[in-house]
Amino acid sequence: MASSTDETPTDYYASGSETSDGRVFTVTGQDWDSITAGLGGLDDVEERVVVNMGPQHPSTHGVLRLILELEGETVTVARCGIGYLHTGIEKNMEYRSWVQGVTFCTRMDYLAPFFNEAAYVLSVERLLGIEGDIPEKASVMRVLLMELNRISSHLVCIATGGMEIGALTVMTIGFRERELVLDLFELITGLRMNHAFFRPGGVAQDLPPGALDEIRGFVALMKKRLPEYADLCNANPIFKGRLVDVGHLDLAGCLALGLTGPVLRSTGYPWDLRKTQPYCGYETYDFDVQTWDTADSYGRFRVRLAEMWESLKIIEQAADRLARLEGGPVMVADKKIAWPSQLAIGSDGMGNSLDHIRHIMGESMEALIHHFKLVTEGFRVPPGQAYVPIESPRGELGAHVVSDGGTRPLRAHFRDPSFTNLQATSVMSEGGMVADVIVAIASIDPVMGGVDR
Amino acid sequence: MSDRTQDPAQDPHLPVPQEDQDASTTVEAMGVREGMFGVRGTGDTSGYGGLVKTTLFPGASRRPYGGWFDEVADALEARLGATDLDGAIERVVIDRGEITFHVRAQDLPFVAQMFRDDEALRFELCSGVSGVHYVGDTDRELHAVYHLLSMTHNRRVRLEVGVPDADPHIPSIVSIYPTNDWHERETYDMFGIVFDGHPALTRILMPDDWPGHPQRKDYPLGGIPVEYKGGSIPPPDQRRSYN
Amino acid sequence: MGLEEKLPSGVLLTTVEGVAGYMRKASFWPATFGLACCAIEMMTTGGPKYDLARFGMEVFRASPRQADLMIVAGRVSQKMAPVLRQIYDQMPDPKWVLAMGVCASSGGMFNNYAIVQGVDHVVPVDMYLPGCPPRPEMLIDAILKLHDQVQHTKLGANRQSEIVDLETSALKALPTSQMKGLMR
């Protein structure tokens, strides 16, 4: 970007500045003539035009900077500039206990917070060696919440993708459906986004009463609402015209660039970590891996739409199991790891439930000690490293967690699918038109929080 | 907690790493933890500040590894033996159901290529590079960890390379796994590990002219004190903490 | 929400400031500056359930040249701060800034090297909205409070004296770290 700090012109945005690559103009809506007037003779004008899109741009999925070299309307070179949302989450996690790490990692990929939490928590549980001790109800709740999150994430992808190509109704109905999912999240976890609900050892709270009815009502309603997206988009000639054969990336390209998720499945290869390397009991659920065979943006859209139907199937099965598991524990039995407190709404807001206070103050000294030690110091994780990948809505999300035996992670690195998938932008966009760049990126569905962490 | 390097054999305070009689694993000391509950300095009357404990990471495993690990190790050894590179694998660690090959830095491209191309190995997908800064591991402080996935055989392995702080160079494997392009840039940005042969090794997450490598352990967290009404709280790395 | 309910009873005349304030607040166009999680909540606030269009704010202008309000929604990293300032500079007067979420207000939970600890280090902020992320209702509440502020902003010479008053009171105000004894 043109550095306006090198010199102090009177008008920051009209005159060009000299850089090592030639003159750079910051074009911000002023008269095109004022720019061409400043170009001077024809000798120093080259053919190529470098256009900078973003990082503030309505259709770049967050703060993504695209540097495009154009020849007319054709993109000859496309590069991504990322890092505009780098938050230092991974470094922050090294200064917090293992449980507090969940609140940080949940904000990475903010459209799929449960998946970030699940990847981290599963890695920590593998390091602790309690993978087999997680209560069934906790695993079923994790699956339920992850699949609900998959639906809400795909809805946002379809909604924003539609908005970017001008299908504003898709955006409106997408966010309308997403509100239903967020209401469920609020009922179960207390928050609409960034929940910090999965903890090492299980989940933080049990299901509130009435949740299963709400879930079943949601499923029934979604079965009537999801066909609307298919009706609006699948055979829509403008939609197909914008998406078919745009952003093509075949299987070899996907594997070389490390792409996973709907992009890989749109090439026809049914690779889904929920089936091939299951976790949280996914092997016991009945669902199919959805693929398409055209390896273009339209295929990815159809894969996402179909995956939402599969997620509904899984949610139904999870709700049935939860009905059977009424009253079961949601945290691991080992009291030296299990998060101790239970929250409840009292007369002055949300806080520790009075039952829990009575238990630790009056009934059990050990419980008080555990509560105190776990909340102030946290549990210790034996030294070692673990990498547990899960299938997030965007692809393979893995947490590489290293422990040195202490109460804080030595290193927590997240292999984020959006970070890897976004590398395909150049391959998908070069040679196409500028408008296709938007569609190609929308089909990759990057979330910049995950890309930059 | 502070880490300092120790030779476990010489310090009388430290426990000698034990080897189980029947298991096939050893442990490896990498640094020392001192103190407990965040107690430090002369104000400590509890005595916890004087605790000293070696950090013992899982060490090299011995054959047989069990399961499909042997198959992978055999195939790799066959390839390495054929090209006279037996020293490329420094150590094999099996821990918590995952296998880690510690690879010598200069042999990494060859090993990665074997992992990708050999019929029995076929690790097509690299899930990226992760950097770790082990302050207590003298002469091998900076580790780069690669996770490989074989879709054909449905397996995962980990490759780990350790390089010293003074000369943090690792050959780039972008030519073998193009997906590592941005991952290696990120590891360079955050840790300062220079990947030789990378097509465009520049900063990717921090601004281009940022000094230092943020996720190294000697780089501060960088927070500021937070002002409240009537007081101020120091940033997380300077606060009183219990862990 | 009709104008007629706000007027002094029976009288249709109002001061020029009132009219100008009403015009400004009733069609208050935000510039898209969604960064992270708060941006999603901002998008849902524009969505069908919590409809921002009823306040005249549905059009999120992509070009800052046509926007009045910059809702900084999300965490501002060191790399993004110059971009934020440039967008703010490109907005024409009168302009307002709403720092949405704790990350924009004060750096939030990310007190580290990578995040600007509050966008008021970069741009002057008119309204701070805490929350992580703030619910859409909270965002609408902040916007309505900002509407009040806009409605009652003075014009011309009155505005100059208003600015002088605000600045002198801010200079004389007790610093936050010396506001002791509030818990009693």
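Which residues do ring pairs link into a cluster with A:Trp292?

Author: Keep in mind that this is a predicted model. The ring pairs join A:Trp292 with A:Phe239, A:Tyr298 and A:Phe301. Over all chains, the structure holds 18 aromatic pairs. One of them is A:Tyr298 with A:Phe301, a tilted pair with 6.5 Å from centre to centre and 40° between the planes. These two sit three residues apart in helix 12 of chain A (residues 297–324), which means about one helical turn separates them. Both A:Tyr298 and A:Phe301 are buried.

Now let's step out to where chain A meets the other chains.

Start with chain B. Here 53 residues of chain B are in contact with 55 residues of chain A. The size of an interface is often quoted as the accessible area lost when the parts come together. For chains B and A, that buried area is about 4600 Å², with carbon and sulfur atoms giving 53% of it. Four salt bridges run between the two chains. Take A:Arg126 and B:Glu98: they form a salt bridge whose closest N and O atoms are 2.3 Å apart. There are also 27 residue pairs in polar contact between chain B and chain A, counting those with both residues at pLDDT 80 or more. On the chain B side, at least two residues each come from strand 2 (52–61), strand 4 (98–103), strand 5 (125–133), strand 6 (142–150), strand 7 (155–163) and helix 3 (180–191). Sorted by class, that side has 26 nonpolar, 12 polar and 15 charged residues.

Then there's chain C. This contact takes 37 residues from chain A and 34 from chain C. About 3300 Å² is buried between chain A and chain C, and carbon and sulfur atoms give 61% of that. The salt bridge count between chains A and C is three. In one salt bridge, the side chains of C:Lys49 and A:Asp183 meet at 3.1 Å, N to O. Polar contacts between chain A and chain C come to 12 residue pairs, both residues being at pLDDT 80 or more. Looking at the side of chain A that touches chain C, the elements giving two or more residues are helix 2 (89–93), helix 3 (100–105) and helix 6 (168–189) of chain A. Helix 6 of chain A gives the largest share of that side, seven residues. By class, that side of chain A divides into 15 nonpolar, 14 polar and eight charged residues.

Note on methods. Residues are numbered from 1 along each chain as its sequence is written. Chains are lettered from A and ligands numbered from 1 in the order in which they are written. This is a predicted model: local features need pLDDT of at least 70, side-chain atom pairs count only at pLDDT 80 or more; totals for chains, interfaces and linings use all residues. Side-chain values use heavy atoms; hydrogens and water are left out. Contact means heavy atoms within 4.5 Å. Buried area is the accessible area (1.4 Å probe) that two parts lose on being put together, summed over both. A polar contact is a pair of N or O atoms within 3.5 Å; within protein, one must be able to donate a hydrogen and the other to accept it, and residues adjacent in sequence count only if both atoms are side-chain atoms. Helices (H or I, at least four residues) and strands (E, at least two) are DSSP runs, numbered from the N terminus. Ala, Val, Leu, Ile, Met, Phe, Trp, Tyr, Cys and Pro count as nonpolar, Asp, Glu, Lys and Arg as charged, and the others, Gly among them, as polar. Rings of Phe, Tyr and Trp (its six-membered ring) pair if their centres lie within 6.5 Å; planes under 30 degrees apart count as stacked, over 60 as edge-to-face and the rest as tilted. Buried means under 20% relative accessible area, exposed over 50%, partly exposed in between (1.4 Å probe, protein chains only).
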